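Subject: Handover of a structure and notes on what was found

Dear colleague,

Please find the structure below, followed by an account of what was found in it. I would be grateful if you could read the notes with the model open beside them.

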Amino acid sequence: MTGADEASVDSDLPESLVDVAGRRIRDAILSGSLTPGQKIVEETLCADLGISRAPVREALRLLAQQGLVEHQPRRGTRVAEWSPRDIVQLFELRQVLERFAVESALPLADPKRQLEPVRAAVEEMKRATDELSKDDAHRRFHTAVVGLAGNRQLDIALEPILLKLQLPMAVNLRTETADHHGPDDGVKRHLAILEALETNDPVAAVSALRDHKHLQYLDLAAPPVNGTDTADAR
């Protein structure tokens with residue numbers, strides 16, 4: 001059985017209770033229904049979701065691995081809370097990895113074929129029928145950009161950063177839509193990066209990544225990081 005066949009079989013399998021609980025909790029966090037620092041009461045979650053405690057606990061364990069929740073000894077579980085400086089530093093790390101990947105990969109030998117994963121992620125963002133699906137496509141977009149380098153160690157380094165950035169990336173995208181912008185504005189920003197990559201010019205692509213406005217819709221009242229104002233880091 002090929003990898004594609006296995007993926008098809010997996011996609012046809014029904015969601016487990018752990019999957020259902022994890023998706024519902026993650027959606028509540030990314031939508032703001034559960035706020036950073038808020039205590040998560042397992043009994044309440046079980047009642048709200050209509051699911052027993054065991055799958056809810058396993059879902060919380062998996063979400064903790066993603067950096068969305070954190071377990072506190074003798075105090076239970078709460079939604080993870082990142083400081084503004086933490087968020088800026090994580091975005092800076094993402095930018096460093098993306099820039100290195102693009103400068104390593106471009107010019108591409110076969111841009112049409114090699115950019116297909118990036119293009120597919122943009123199309124998924126366009127077609128998304130709910131915010132959680134758009135959040136997932138958003139993360140896949142940035143994974144695909146770094147994947148252009150064909151560098152497994154870069155991919156491994158990026159994964160935990162993107163998991164920790166799930167909430168600020170979702171907030172930035174959702175606030176952009178709500179703050180006097182249409183639902184397509186976030187897609188257009190990512191399309192601009194794709195178009196720059198399609199030029200096969202590393203300078204143009206790095207410039208598009210730098211001007212991505214990934215912090216523009218986040219309320220980050222933090223002191224400058226390394227002497228750089230957060231407005232300049234957009």
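This is a predicted model: local features need pLDDT of at least 70, side-chain atom pairs count only at pLDDT 80 or more; totals for chains, interfaces and linings use all residues.

N200 is placed in the loop between α11 and α12, and its phi is near 65°, a positive value in a residue other than glycine. Most residues other than glycine have a negative phi, and most peptide bonds are trans.

Residues are numbered from 1 along each chain as its sequence is written, and side-chain values use heavy atoms, with hydrogens and water left out.

Overall composition

The protein chain has 12 helices and three strands; helices (H or I, at least four residues) and strands (E, at least two) are DSSP runs, numbered from the N terminus. Of its 234 residues, 40% count as buried. Among contacts between residues at least 6 apart in sequence, 68% join residues at least 24 apart, where contact means heavy atoms within 4.5 Å.

The sheet

In what order do the three strands lie in the sheet? The order is β1-β3-β2, in an open sheet with antiparallel pairing; two strands pair if DSSP finds at least two bridges between them. The edge strands, β1 (39–40) and β2 (69–72), each pair on one side only. Helix α4 (residues 53–66) packs on this sheet and touches β1, β2 and β3. The direction of α4 makes about 110° with that of β2; axes are lines fitted to C-alpha atoms, for helices over the stretch in contact, and angles run from 0 to 180 degrees between N-to-C directions.

Two bridges join β1 to β3, and K39 stands opposite R78 in β3. Between β2 and β3 (residues 76–79) there are four bridges, again in the antiparallel sense. Here V69 has V79 as its bridge partner, and H71 stands opposite T77.

β2 and β3 form a hairpin with three residues between them. In the turn lies R74, with a positive phi of about 65° although it is not a glycine. R74 is exposed, with a relative accessible area of 84%.

Two crossing helices

The axes of helix α2 (residues 17–31) and helix α8 (residues 131–147) come within 10 Å and cross at roughly 85°. The two helices are therefore roughly perpendicular to each other; angles of 65 to 115 degrees count as such, under 35 as roughly parallel, over 145 as roughly antiparallel and the rest as oblique. R23, R26, D27 and L30 of α2 meet L132, D135, D136 and R139 of α8. By class, this contact has two nonpolar, no polar and six charged residues. Ala, Val, Leu, Ile, Met, Phe, Trp, Tyr, Cys and Pro count as nonpolar, Asp, Glu, Lys and Arg as charged, and the others, Gly among them, as polar.

The nonpolar cores

A nonpolar core is a set of buried Ala, Val, Leu, Ile, Met, Phe, Trp, Tyr and Cys residues joined through side-chain atoms within 4.5 Å. The largest has 24 residues, and those with the most contacts inside it are V102, L106, V118, F141 and L197. At least two residues of this core come from each of α5 (84–105), α7 (116–127), α8, α11 (185–198) and α12 (202–210). Helix α11 gives the most, with five residues.

Which residues does L197 contact, leaving aside its neighbours within four places in sequence? They are V102, L106, L115, V118, V145, L148 and A205. Apart from this core lies another, of 22 residues, among them I51, L63, V69 and L167.

A cis peptide bond

The peptide bond from L106 to P107 is cis, with omega near 0°. P107 is placed in the loop between α5 and α6 (111–114).

Key
Buried means under 20% relative accessible area, exposed over 50%, partly exposed in between (1.4 Å probe, protein chains only).
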